[in-house]
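Here are a few exercises to work through with the model open in your viewer. Try each one yourself before reading the solution.

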Amino acid sequence: MKNREPVLVEVAELATDGCGYSSDNRHAVYGALPGETVLAQPVARKRKRLYGRAVEVNNPSPDRVTPACSAAAFCGGCSFQHLAHEGQLALKQSLLENELAETRPETFHPPLTHGQLGYRTKARLGVKYVHKKEAVLVGFREKQKPFIAETNTCPILMPPADELIEPLKQLITSLSIREKVPQIELSMGDQDIALIFRHLEAPSDDDLAIFREFAETHCLQLYLQPGKPESTHLLHDGAKNGAGLSYALPEFDLEFDFEPHDFTQVNLPLNRKMVMRALELLDLNEDDRVMDAFCGIGNFSLALARHCREVRAYEAAEPSVARARLNAAKNHITNAHFGVQDLYQGDLQGIDFSGINKVLLDPPRSGGEEFVKVLARHDVERVVYVSCNPATLARDVKTLVNEGFKLRTAGIIDMFPHTTHVESIALITRD
């Protein structure tokens with residue numbers, strides 16, 4: 001980009017991509033709010049639009065707050081630390097309402113929230129050895145840039161992981177393969193931390209000793225990943241309890257074991273509230289037979305099983321289904337049955353709907369289009385849809401509404417404060 005001179009931008013609206021936009025949409029500025037006039041430092045030009053970063057704000061919005069992180073202006077890990085929490089919720093609620101305009105629910109329930117910092121238990125951190133500085137950077141990528149944001153701490157990571165950035169820099173610097181470690185994947189349970197180090201060259205014996213010492217010092221599990229995810233292996237377990245990663249749903253007397261690569265919700269305290277809300281909306285009784293689609297390791301399934309006759313749960317990933325079965329056994333649950341099934345296939349012949357009267361689904365961002373088409377043909381009373389993409393939620397709800405269902409309630413779940421991600425939950429019933 002040739003012209004890097006700062007430009008003055010009058011911000012007309014704020015979008016869920018994290019940018020404040022000018023009225024002509026030719027300028028998009030990170031760190032800007034509606035009604036402000038900002039001096040923006042250009043960072044990229046895409047599709048005839050200039051993206052910039054606010055470096056000076058002339059007339060601050062009343063919704064503006066001081067970010068908790070000094071890197072918030074340029075780090076891609078967050079987008080809205082400069083916006084008051086109430087404003088973030090309103091923005092995400094507005095997006096959900098706009099997406100559901102065609103099938104508007106009878107009510108929008110209040111957002112589910114739980115704190116704004118120290119919540120994140122999953123993160124993929126970039127690593128880069130910078131020759132000019134003879135230093136290592138560890139963190140999220142910069143906004144609109146391939147570079148790694150320079151920071152020493154990360155306040156959105158759950159403690160004590162929030163203080164690991166600087167020690168990780170020192171660790172990588174001390175390795176002989178410091179230029180061959182591009183990524184660190186962080187995964188946390190209620191108690192322990194696991195780190196997976198992706199490496200492009202085999203570590204030396206000295207490197208392995210340094211890794212082990214780091215795991216002991218910081219009381220964590222340390223994994224190495226020389227190739228694809230299935231190459232991941234435990235090098236050293238320095239965790240205090242040595243029992244592996246786990247999280248609990250105490251309201252249901254449940255504990256889940258999981259591996260670092262398993263999918264778990266990024267915000268464990270809010271996950272507990274989300275599971276509670278889902279069961280409230282399903283209104284379960286002891287005679288219900290419930291289907292849990294896209295069940296993962298059984299996060300919803302086992303809680304459902306505590307309150308109904310039977311749960312049939314399906315998931316495409318065989319390792320997740322195996323983990324779900326182990327968690328069912330661990331918690332002495334015998335009325336939850338798990339099957340491996342690709343829920344994106346059109347026929348879905350492996351799914352047994354017989355006797356099922358209630359359904360919960362929590363699909364990936366692409367939604368559950370094919371599953372919902374099959375679901376719409378069955379006599380199901382209530383459906384709870386947990387979504388991480390309001391657009392695909394709206395598409396799938398429309399399919400159900402066209403087949404005789406009614407969207408009763410919907411609302412956002414503040415699973416990812418300060419970010420552009422919008423989690424939501426909806427109740428759909430037979431009209």
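The lining of the largest cavity splits into ten nonpolar residues, four polar and no charged. Ala, Val, Leu, Ile, Met, Phe, Trp, Tyr, Cys and Pro count here as nonpolar, Asp, Glu, Lys and Arg as charged, and the others, Gly among them, as polar. Before going on, note that this is a predicted model, where local features need pLDDT of at least 70, side-chain atom pairs count only at pLDDT 80 or more, and totals for chains, interfaces and linings use all residues. Residues are numbered from 1 along each chain as its sequence is written, and side-chain values use heavy atoms, with hydrogens and water left out.

**Exercise 1.** Work out how many cavities of 30 Å³ or more there are, and what lines the second largest cavity.

*Solution.* 
- Step 1: On a 1 Å grid over the protein atoms alone, a cavity is a set of points where a 1.4 Å probe fits but cannot get out; a pocket is an open set with protein on both sides within 12 Å along at least five of seven lines; lining residues have an atom within 4 Å of a point. Grid points are joined across faces, edges and corners, and a volume is the space filled by probe spheres set on the points.
- Step 2: count. There are two cavities of 30 Å³ or more.
- Step 3: take the largest cavity, at about 100 Å³. It has 14 lining residues, and C69, C75, F140, T153 and C154 are the closest to its centre.
- Step 4: move to the second largest cavity, at about 30 Å³. L125, L157, A161, L164, L168, L186 and L195 line it, which makes seven nonpolar, no polar and no charged.

**Exercise 2.** Describe the largest pocket, then find where V266, one of the residues nearest its centre, sits.

*Solution.* 
- Step 1: the largest pocket holds about 1,000 Å³ of space.
- Step 2: its lining has 35 residues, with D262, F263, T264, Q265 and V266 nearest the centre. By class that is 18 nonpolar, eight polar and nine charged.
- Step 3: β8 gives the largest share of the lining, three residues. Helices (H or I, at least four residues) and strands (E, at least two) are DSSP runs, numbered from the N terminus.
- Step 4: V266 is in the loop between β15 and α4. V266 counts as buried because its relative accessibility is 6%; the cut-offs are under 20% relative accessible area for buried, over 50% for exposed, and partly exposed in between (1.4 Å probe, protein chains only).
- Step 5: The C-alpha atoms of V266 and A123 are 8.4 Å apart, though 143 residues separate them along the chain. Contact means heavy atoms within 4.5 Å, and, leaving aside neighbours within four places in sequence, V266 contacts Y119, R120, T121, K122, M415 and F416.
- Step 6: check N267, in that loop between β15 (254-258) and α4 (268-282). N267 is buried at 0% relative accessibility, and beyond four places in sequence its contacts are Y119, T121, D414, M415 and P417.

**Exercise 3.** Find which residues of the largest nonpolar core touch the most other members.

*Solution.* 
- Step 1: a nonpolar core is a set of buried Ala, Val, Leu, Ile, Met, Phe, Trp, Tyr and Cys residues joined through side-chain atoms within 4.5 Å.
- Step 2: among 87 residues in the largest core, L168, L195, F197, L222, F338 and V384 touch the most other members. The largest share of this core, eight residues, comes from α4.
- Step 3: Apart from that core lies another, of 33 residues, including L343, V374, V397 and L407.
- Step 4: follow L168 into helix α2 (residues 165-173), where the buried residues are I165, P167, L168, K169, L171 and I172. Their cover includes β8 (122-130), β9 (135-139), β10 (183-188), β11 (193-198) and α3 (205-217).

**Exercise 4.** Is D396 buried or exposed, and which side chain does its own side chain make a polar contact with?

*Solution.* 
- Step 1: D396 is in helix α8 (residues 390-402), and is buried, with a relative accessible area of 0%.
- Step 2: its side chain makes a polar contact with that of Y385, at 2.6 Å. A polar contact is a pair of N or O atoms within 3.5 Å; within protein, one must be able to donate a hydrogen and the other to accept it, and residues adjacent in sequence count only if both atoms are side-chain atoms.
- Step 3: not counting residues up to four places away in sequence, D396 touches G367, G368, E369, V372 and Y385.
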